[in-house]
Each structure stands twice: as C-alpha cells, then as structure tokens.
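Please look over the sequence and the structure shown here before reading the report that follows.

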Amino acid sequence: MADEGGEGHGHDITSKELVALNTDKDSATVIGKYHGVRGLSNVLGSDPKRGLDDATIEANRAKYGANRYKQVPPKSFFSILLEGFKDPVILLLCAAATVSMVV
C-alpha cells in the first residue's frame with residue numbers, strides 16, 4: 001500500500017529488526033535504512049493516516065507472529081515467601097525475634 005509519500009523502497013524487515021527498532025527506539029535506522037516513518041510504513045504495508053487493512057493485519061500476523069507478550073506464570077505465595085528469607089535483613093530480624101522469645 002503506497003501513500004502520498006512515495007513508493008516502498010524494496011526493503012524487507014524481520015521480526016528481530018522490528019523488536020530492535022521498538023526496544024532501542026532506534027530512529028537513526030528508521031531514517032537511514034527505511035527513509036523515515038513513511039518508508040517504514042511502506043515496508044510494513046501500512047498507511048500512517050489510515051493504518052492497516054484486515055488483509056495486511058493477517059499477513060503481518062502470519063509473518064511476524066501475534067502482537068502479544070509472552071505469558072509468564074505468576075509466582076506462588078510460597079516461592080515469594082522463600083525469596084524473602086534469602087534477604088540478610090529478614091534473617092537478622094528472625095534471629096532477633098527468636099532470641100527475644102527465648103529470653
């Protein structure tokens with residue numbers, strides 16, 4: 001999908017490059033390699049004003065994968081409790097409480 005800014009520049013982009021652009025906020029690469037936001041939009045088959053159409057969304061999902069974070073299972077209560085006892089200050093306070101109860 002070409003916009004008023006011109007034709008695509010024939011580049012292709014990998015999912016790793018997309019992650020790097022987003023993570024590093026690497027505007028120099030966007031400007032240099034893709035000739036700005038419009039060029040990157042053309043490579044991705046997007047229009048800066050209208051966004052993506054349904055067919056492009058499905059094609060991008062097939063190519064790059066779903067736009068979701070990996071689900072990390074929550075920590076259990078007991079693992080959090082055990083982590084707390086690795087802290088030297090907590091161990092010192094538990095020792096002081098034990099001595100206090102004995103005395």
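Which helix gives the largest share of the nonpolar patch?

## Basis of the model

This is a predicted model, in which local features need pLDDT of at least 70 and side-chain atom pairs count only at pLDDT 80 or more, while totals for chains, interfaces and linings use all residues. Residues are numbered from 1 along each chain as its sequence is written, and side-chain values use heavy atoms, with hydrogens and water left out.

## The nonpolar surface patch

The largest share of the patch, 4 residues, comes from H6. Phe77, Phe78, Leu81, Phe85, Val89, Ile90, Leu91 and Leu93 form this patch, with about 810 Å² of accessible area together. At least two of its residues come from each of helix H5 (77-84) and helix H6 (88-102). Patch residues have over 30% relative accessible area and no salt bridge, and nonpolar side chains are joined within 5 Å.

Phe78, which lies in helix H5, is exposed, because its relative accessible area is 62% and exposed means over 50% (1.4 Å probe, protein chains only).

Ser41 is found in helix H3 and counts as buried because its relative accessibility is 10%, where buried means under 20%. Apart from neighbours within four places in sequence, Ser41 is in contact (heavy atoms within 4.5 Å) with Ser46 and Pro48.

How values were computed
Patch = residues over 30% accessible without salt bridge, like charges linked within 9 Å, V, L, I, M, F, W, Y side chains within 5 Å. Areas by Shrake-Rupley, 256 points an atom, 1.4 Å probe, with all protein chains shown as cover. Salt bridge = Lys/Arg side-chain N within 4 Å of Asp/Glu carboxyl O.
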